[in-house]
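Me: I would like to go through this structure term by term. For each label, tell me what value stands behind it.

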2 protein chains.
Amino acid sequence: MHHASDILFTLFIVFVAAQIGGEIAQRLKLPGVVGQIAAGCVIGPSLLGWITPEQTATGTPLDVLAEIGVVLLLFSVGLETRLEDLKKVGKVAFLVGVLGVLVPFGMGSVWAHGNGFDWDKSLFVAAAFVATSAGITARVLQELHVLQRVESKVILGAAVIDDILAMLLLGVVVSMQGGGGFNLSHLLMVLAGAVGFIAVVGLGGARVMRWNSSWLEKPMDPHSPLMIVLALCLGLAYLSTQFGLAAIIGAFLAGMIASETRQQHTLEKQTMPLLALLTPFFFVITGSKIDLHELASADALLMLAAVTAIAIISKLAGGWLGSLSLGKRSATIIGFGMVPRGEVGVVIASLGLAAGVFNNRIYAIIVAMSLLTAMVTPPVLAWLLKRTGSAEVVDQPRES
Amino acid sequence: MHHASDILFTLFIVFVAAQIGGEIAQRLKLPGVVGQIAAGCVIGPSLLGWITPEQTATGTPLDVLAEIGVVLLLFSVGLETRLEDLKKVGKVAFLVGVLGVLVPFGMGSVWAHGNGFDWDKSLFVAAAFVATSAGITARVLQELHVLQRVESKVILGAAVIDDILAMLLLGVVVSMQGGGGFNLSHLLMVLAGAVGFIAVVGLGGARVMRWNSSWLEKPMDPHSPLMIVLALCLGLAYLSTQFGLAAIIGAFLAGMIASETRQQHTLEKQTMPLLALLTPFFFVITGSKIDLHELASADALLMLAAVTAIAIISKLAGGWLGSLSLGKRSATIIGFGMVPRGEVGVVIASLGLAAGVFNNRIYAIIVAMSLLTAMVTPPVLAWLLKRTGSAEVVDQPRES
């Protein structure tokens, strides 16, 4: 009967820390998610030590809750995104995605080579500069109720492109570490698989739901539409990992499909309490991974500053160039929206550490950079969005 | 980026199995929870083996999700329970709780001694006959929308008493296994602590909330009432384990306190999607713990039948005697409502196995008995409740 009481205490601490952090941030006119990440940093190993790295390692309950949290978050963002709207911004999103990968990859590899890495290892380091973490930006856009703006659509579309390219790039640089080359035909098959998965699920699913969604109410459970789309969300999140994509891409697709149903409004309402309970785990645990001790030297801080500056500038430049056709203001918003690396950078850094490409210090710096970009983006993005006021929307904004 | 994909697959399987099982059960006019437990048995090690015991051991992600699921379930049951209503049935609930512990404990120890156990070990075996698992009954009462009936109030009140007594009893029998006696003054302190915790939290919390609950809306987050009561739920669930009680007792108290707020109706609505997502994990994982292989002999099945019969009859008799003042029909409902042992019996059996009191076979039988009582109760209870029609309610039923 003392069963699992320790984990209950941890859940309580994480949840309360998220609420306090979020509240403080909002009172300071910052997005709540900044406060939640900061709260994670405070209760994590850097300061209070109430959460240890062992408790948040891959496969632990906290990690799984965080994963479910970010999956549900992207699902709910998908629920507010219609396929038609994404199609309208398709070209711009594609350009933003491609340039937002190439520019950071180029600048990152040049920096790494300049800092003494061989070219093949430099490309691995550069891969950690690439992948955008859509979760943090998505949450800011949702908090500010601007998911219907054209910039938001471009960011979300570009995040999908970005994830495909980042996956391919990582595949290439990992295969190069063995000293061998990489297999182009294999790579093309992976690309075809990922693109095919997204196209079939996104286009096909949306069409089915638009055609008829009354079957969602056939089961006897009165909440069956919610249950079915949640099952879809978990299933597609898993499937997308099987195509080498992030789980959140599948969750986003599931939400986008569900947005075509006539139960969409009810589903949006019902998803809210799920986000309220579970997304705090994602943000607090992201924050808890910042280890300030590793960075407690002038040298390390300088390097971190350089790496973070390159990460921000390169992504901003890529996104900005890609979306310039929408005007400079929108391009700046989109460029900043792509900046957060979040947990994806952390995962790549872990792979690099395991492969012996990174030492502990570079690892700590890459992780800190990933999380710094996640911390810096929300307030800047909020400020930019508020400053530009009520910009052009793709469609009539719906109530949320 | 392949991060956590295995667990996503497992989550998907468990969630979908729960929906299919629940749907089949409801079409057969059985409570959905029976189908969810049966689905767990099907996908568990006994049949398909899609879920292994390693995946559901204490502290694993699935175990934690199941724990959160049952905690939220009892929280939502608390949300539909007012302290005033419980007070009205206090005496009967107390009698049901006490007799519902003493009769099974007595019959269980006599049976165990008759089957060759020493007296001190017999008392340990008997302890596994005692503790009612409120989760399963609570779910059935909720599904049938009868939480406002007087029988439901008695069952919930008695479940609290039951948990206190079971905890004390377990403390006694565990301390006796060392060969030493037990410490009466220590035991009285534990009792005082548990009773004090429940009284202070239940009475004090309800009074505070009834007096004023507008402070729940002070934070800037528009969903702050939900966030605060969820934090309260996790916090009290943890605290109750510190007083030796089950986590669900604290969660129930948190819900009962929240039922006094003027946001009660909104909270009830918002809790629904949380239950929809998380309680299936509890029921499927409970079902997955039934290992049919261990019981594949006539001997074992006979013993299981005897143990299960004693478990059901003794609990029914205790509950029935305790609530006879409400009439025979109500007493039968209450007696059956106390029958499920569920996960509490499993926990005690695990302790017995670890302490060397049980062998593998007795362990399997006790676990199977606990889960059989959990399987048998819902249909019987549903049938009894429907047969007696719209009985006396403690208060005007509220919409749910």
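Me: How do you know that the same surface serves both copies?

Reply: Of the contact residues of chain A, 98% recur in chain B. A contact requires C-beta atoms within 7 Å. By that criterion 51 residues of chain A are in contact with 50 residues of chain B. Helices H1 (5-27), H4 (61-79), H11 (224-242), H13 (264-288) and H16 (342-354) of chain A each give two or more residues to this side. H1(A) gives the most, 13 residues. By class, the side of chain A that touches chain B has 30 nonpolar, 16 polar and 5 charged residues.

Me: Why is A:Val346 called buried?

Reply: The cut-off for buried is 20 or more other C-beta atoms within 10 Å. A:Val346 has 24 C-beta neighbours inside that distance, so the residue counts as buried. A:Val346 is found in helix H16 of chain A. Leaving aside residues up to four places away in sequence, A:Val346 touches A:Lys289, A:Val367 and A:Ser370. A:Met369 is 23 residues from A:Val346 in sequence, and their C-alpha atoms are 9.2 Å apart.

Me: Why is A:His145 called partly exposed, and what about B:His145?

Reply: Partly exposed lies between the limits of 12 or fewer for exposed and 20 or more for buried. A:His145 has 14 other C-beta atoms within 10 Å, so the label is partly exposed. B:His145 has 13 and is therefore also partly exposed. In chain A the residue lies in the loop between helix H8 (134-143) and helix H9 (150-177); B:His145 has its place in the loop between H8 and H9 of chain B. Phi of A:His145 is near 55°, a positive value in a residue other than glycine, and phi of B:His145 is near 55° too.

Me: How do you know that the span of helix H10 of chain A is close to the expected one?

Reply: H10(A), residues 184-211, has 28 residues, and its first and last C-alpha atoms are 40 Å apart, close to the 40 Å expected at 1.5 Å a residue. The buried residues of H10(A) include A:Phe197, A:Val201 and A:Met209.

Me: What is the confidence in chain A, and where does pLDDT stay under 50?

Reply: Chain A has a mean pLDDT of 84, and 92% of its residues reach 70 or more. Over residues 393-400 of chain A pLDDT stays under 50, and the model has 13 contacts beyond four places in sequence for them. Where pLDDT is low, the predicted coordinates should not be read in detail. For the model, ipTM is 0.82 and pTM is 0.83.

Key
Residues are numbered from 1 along each chain as its sequence is written. Chains are lettered from A and ligands numbered from 1 in the order in which they are written. This is a predicted model: local features need pLDDT of at least 70, side-chain atom pairs count only at pLDDT 80 or more; totals for chains, interfaces and linings use all residues. Two residues are in contact if their C-beta atoms, placed from the backbone, lie within 7 Å. Helices (H or I, at least four residues) and strands (E, at least two) are DSSP runs, numbered from the N terminus. Ala, Val, Leu, Ile, Met, Phe, Trp, Tyr, Cys and Pro count as nonpolar, Asp, Glu, Lys and Arg as charged, and the others, Gly among them, as polar. The expected span of a helix is 1.5 Å times one less than its number of residues. pLDDT is the predictor's confidence in each residue, from 0 to 100.
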